[in-house]
Structures are given as structure tokens and as C-alpha cells.
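Me: I am new to this one. Please show it to me, and then let me ask about the terms.

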Amino acid sequence: MKRLYADLHLCPSLKDSEQVESMIEKASELGYGLIAMSLPSNVSEEKIQQLRNICKENKVEFASRADLKPQTSKELLNSLRKIRRKFEIIAVMCESKHVARQAAKDRRVDLLNFPSTGFRKRFFDKAEAELASNSLASFEIDVKPLLTLEGPARIRLLSSLRREVAIAKAFHVPIVISSGASSELLMRKPRELAALASLFDLDKVSAIEAVSKNPLAIIKRNREKLSPNFVAPGIRIIRGGKDC
Amino acid sequence: MLKRMRRRYLALKIDSNETFSSREFMDAVWNAVLKLYGEYGASRSGLTLIDYDAEKGLAVIRTMHTTVEMVRAALASITKIRDKPAAIHVLTVSGTIRALYKKIKQ
């Protein structure tokens, strides 16, 4: 069976509908079967449906994603309470240690992301990985900074990623590689993203899983949870009515 | 006994609004390999340009089979050619030129 690839982090400017359409077309051309776009938390249901339709025309599945950038853990909890049921993916940009720890232990958070240039703000250590592995949160790596940064900044980023990937593997935290692309020219094929992962010592099999199996598992789990028939993990309503 | 060198041919698509000469294209490829893997890595890659079509934005390059993933990563890291925004995508990889062209035609 043909492998399905997913890019969970496309960041086009939503106001520019031409750019949105061209990026969706490009994703389909590059071989993705599923994409997720970063949407504002107050996005309307119509807008999401419109994006879903454009994706359907291009034979790509669409998943809605919200990126949270809370300053405090309380702010994170409030945002999660408000928007969790509205989006299929919730990613948290962890800019402080308190937020990072809270995000890692909260089962409503799907992806943990860390600033690519603030090297003192990358809090993915052993404690963080242990919390994340218990709550099923995944560690997300955006490839865009690897393409745009140069010289010492890229060297430092690669060195941090190498350490973090080793920790994630040791604690069985799923790794998700996304493009983080804001334009067509920053989008790459899934195999190219996997090849770039070799720069931070992620083996080929794990890298391919990071662009296919791991992101798809998140989507599958969340779609099941968001379905009206969901009761609890492993329990769902099969039939309702008087004859039950 | 000397081991036979196994090579791989890569068909590439250059994604840009501009057209580039083969020299500019290969400079960008070599620079990307040098930046990521240094002179030692670049020397192991055995990169050679086989075919280039500036109008269609297509290129065929050859490398050692051991360095295919390395070259793939270097190509993916290219964001500019001659200071103009560009991206290079690998269309297909093959062990012989004949099979490569056959695959492209399909």
C-alpha cells in the first residue's frame, strides 16, 4: 500500500487566498496526502470548510491546527479549555519552562514546538520528554529555520536538535517533522524533509515515520476524539435509539 | 580487489520564476554540499552534471550511491540560486541513465 505523507505545519497568510491555494496545490504536487494549516483561534467554521473544499479539489486531506503561544501556564490552560474541541491539532510554542512543562503533561496538547533561534528557550530535556511520553504529546521539528538560517545560528540549531532527538528517542516521544513553510518555495517533498533529518542524526526509518506515521496517528486519534460518537478511549457509540 | 563504484543518477526539477545557467545551478549545488558537509563530504559525493535544460528547469546529476541521501539533503537546503529565490526537488533516482529517462517519461 502506498504510504501517506503529512505536513502538519503550513503557515500561509490566510488573507492572501491566492497564496493559500498555490500552497495547497504545491503540497498535492509534492506528494502529500494530508496537510494542516496554522489558523487563528477565532477562525470561523466557514473558513475551515472553505479550506477543506480547496484541499478536496486538490486531492489532499485538510486538518485544522491552532498554534498557542501562551506566556503563562494558566493562559495555556484557559486557551486549551476554549479551543480544544474546535481544532484537530493543538500545537504549543513553549517559550518558558513553566509553559513547556504544563504543555508536556496536558493530554490535550498534540505538538510541542520550541523557538528555533532562542537557544536558551529550548526546554526539551529529559524531564520534558518523560512528561510528553506519558501524555502522548509529540515533539515537532520545523524545517524552515534549517533552510533560512545560516552559519553559527544554523550550527547551534542543529546541535540542539541532535541532542533533543536523542532524548525524544530514548523516552519514546514521537517526532513529527513539518515544513513550517510560509511560501511555496520553502515547501519540500516528504523524502527531502526526511533527508534533512539526517543532519540531526535521525535515522532514515524514523525520519520517514516522522513525516507519515506519527502525524497521521495524531490526526486519527483526534478525529476519533472529536467525533460525536466518542465516549472514552476505546469506547464509542455504535448504535443509538429504542432498539438498543 | 578494488570495489566497483556504484553510482546513482538523480533527475531534478528547479522550482523558480527565473532561469539559470548550468554553471549557476552547479555552483548552488556545490555550495550547499560544502556548507552542510564541508570539503571532505563534498569530495566523497562525486557530483557531476550530466544533463541540463534551463528552459524546462530540469537537470540530471550523478553521485555515488553512498552519498545519495547526503546530496538529497543538500539539494533540499537550497533556497536561492544566483541570489534569486529557488527550490530544487528530486524527481527520481536511478542506477542507470537509461532507466532514469524511462522513469521520467512515465
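Me: What should I know about the model and its numbering?
Reply: This is a predicted model: local features need pLDDT of at least 70, side-chain atom pairs count only at pLDDT 80 or more, and totals for chains, interfaces and linings use all residues. Residues are numbered from 1 along each chain as its sequence is written, while chains are lettered from A and ligands numbered from 1 in the order in which they are written.

Me: Why does the radius of gyration of chain A agree with a compact globule?
Reply: The rule, over C-alpha atoms, is 2.2 Å times the number of residues to the power 0.38. For 244 residues that gives near 18 Å, and chain A has 18 Å, so the two agree.

Me: What makes α1(B) short of a straight helix?
Reply: Helices are DSSP runs (H or I, at least four residues). The expected span is 1.5 Å times one less than the number of residues. With 24 residues, α1 (residues 22–45) of chain B would reach 34 Å if straight, but its end C-alpha atoms are only 19 Å apart.

Me: Where is the kink in α1(B) centred?
Reply: On Gly38(B), at about 120 degrees. The bend is the angle between axes fitted to the seven residues ending there and the seven starting there.

Me: Which residues of α1(B) are called buried?
Reply: Buried takes 20 or more other C-beta atoms, placed from the backbone, within 10 Å of a residue's own. Phe25(B), Val29(B) and Leu36(B) are among those in α1(B). In chain A, buried residues make up 42% of the 244.

Definitions and conventions: Buried ≥ 20, exposed ≤ 12 C-beta atoms within 10 Å, placed from the backbone. Helix = DSSP H or I, 4+ residues; strand = E, 2+ residues; numbered from the N terminus.
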